[in-house]
Amino acid sequence: MSNVHVRIGDRRTKYHTDADCPSLNGKQDTYMGQASMSEEKAKEQGLTACQHCKR
């Protein structure tokens, strides 16, 4: 599996394949950066794939 990007902080529900995805980088008032992890680990944390990312 490949690495994906996730928001750092609360209220994250999605993982992102595109590091430039607006859904990943938006909401600047709650954005605390992003981290990279395996897609498997993201799924284990209950995150689902972002539908806005380019695959």
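The stops that follow concern a salt bridge and the cysteines.

This is a predicted model, in which local features need pLDDT of at least 70 and side-chain atom pairs count only at pLDDT 80 or more, while totals for chains, interfaces and linings use all residues. Residues are numbered from 1 along each chain as its sequence is written, and side-chain values use heavy atoms, with hydrogens and water left out.

**The salt bridge**

Select Glu39 and Lys43. These residues form a salt bridge, and their closest N and O atoms are 3.6 Å apart; the term denotes a side-chain nitrogen of Lys or Arg within 4 Å of a carboxyl oxygen of Asp or Glu. The structure holds one such salt bridge.

Next, display helix H2, residues 39–44. Helices are DSSP runs of H or I with at least four residues, numbered from the N terminus. Both partners lie in helix H2, four residues apart, which is about one turn of the helix.

Now show the accessible surface. Glu39 is buried at 12% relative accessible area, whereas Lys43 is partly exposed at 42%. Buried means under 20%, exposed over 50% and partly exposed in between, with a 1.4 Å probe and protein chains only.

**The cysteines**

A disulfide requires a pair of cysteine sulfur atoms within 2.5 Å. By this rule, the count is zero. Select Cys21, which is in no disulfide: the nearest cysteine sulfur, in Cys53, is 3.7 Å away. Cys21 is buried, with 0% relative accessibility.

Finally, select Cys50. Its closest cysteine sulfur, also in Cys53, is 3.9 Å away, too far for a bond. Cys50 is buried as well, at 7% relative accessibility.

Methods: Helix = DSSP H or I, 4+ residues; strand = E, 2+ residues; numbered from the N terminus.
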